[in-house]
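Please consider the structure shown below together with its sequence.

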Amino acid sequence: MKKFDVSILAAAVLLLALAVVGLSEGEKEDPAVARVGDVTITESQFSDALKHKYGIRVMDQLIADALITQEAKQQGVTIDEAELEKQVDALKKSLGSDEAFRRTLEKKGFNEQTFREALKIVMLKDKLFEKAYPVTEEQIKEYYDKNKEKLGNPVPTLEQAREKIKEKLAGKNRAKYQDEWIKGLEKKYGPTLLDPVLAKQKASEEE
């Protein structure tokens, strides 16, 4: 399994608090989330601070997730439970135990359910991206011919090295083309920011 860092998903969790607060804005109560002496910090204050400091970065992530979900639906691309379970099991194995896996998720602000939902989006993105920018057999062979001496000792055969090379080239494609791909999806689906604070942040970012 390719290296997977749960920190890339943490941004999507940040604005989950904002979404929850947004649903409760019409309510009279504004629950306290912290107290410092006789000063109370409320949920709406916390939400507002998050939105002003991190809002557009997290909203961009949430929009990207929505774009990926829309495109996957249109193309009929899915992630089944067996695929998802395989990735989760591999991560648990790499961390050493179920307990280490649970602690890692907690540090990143996840429980297993929210992590699985976020991981599914990442897997959908990878499938869609690999369809848009596939690694060809010619590219694999060219990379092998140029770099086979660096792939191990003794030098592996092309078949032995194929998956490793494909993964490396796919990573290069993501680094080179992912922003371009997301921009293409934005043009296709036309996301609109309805919150004036976020819209202003986005406009400033693009100046």
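In this predicted model, helix α4 is followed by Gly-96, whose phi is positive, near 105 degrees. At the start of α4, a side-chain oxygen of Asp-80 comes to within 3.1 Å of the backbone nitrogen of Ala-82. The helix comprises the 15 residues 81–95; at 1.5 Å a residue these should span 21 Å, and because the end C-alpha atoms are 21 Å apart, expectation and model agree.

Which residues of α4 are buried? They are Leu-84, Val-88, Leu-91 and Lys-92. Seen down the axis of α4, these buried residues fall within an arc of 100 degrees, and therefore they line one face of the helix. The face turned away from this buried side carries the exposed residues Ala-82, Lys-86, Lys-93 and Ser-94. The buried residues of α4 are covered by elements that include α5 (98–107) and α6 (112–132).

When neighbours within four places in sequence are left aside, Trp-181 is in contact with Ile-68, Lys-125, Leu-128, Phe-129, Ala-132 and Tyr-133.

How far the coordinates may be read in detail is a matter of confidence. The mean pLDDT of the protein is 85, and 86% of its residues reach 70 or more. Among the elements of the protein, helix α7 (residues 137–147) has the highest mean pLDDT, 95, whereas helix α2 (residues 16–23) has the lowest, 46. Over residues 1–12 the pLDDT is below 50, and this stretch has 32 contacts in the model beyond near neighbours in sequence. The pLDDT is also below 50 over residues 14–27, a stretch with 16 contacts in the model, again beyond near neighbours in sequence. Where pLDDT is low, predicted coordinates should not be read in detail.

Key: Residues numbered from 1 in each chain as written. Predicted model: local features only at pLDDT ≥ 70, side-chain atom pairs only at ≥ 80, totals over all residues. Heavy atoms only, no water. Helix = DSSP H or I, 4+ residues; strand = E, 2+ residues; numbered from the N terminus. Expected span 1.5 Å × (residues − 1). Buried < 20%, exposed > 50% of the residue type's maximum accessible area, 1.4 Å probe, protein only. Arc of directions from axis to C-beta. Contact = heavy atoms within 4.5 Å. Polar contact = N/O pair within 3.5 Å; in protein donor to acceptor, adjacent residues only side chain to side chain. pLDDT = per-residue confidence, 0-100.
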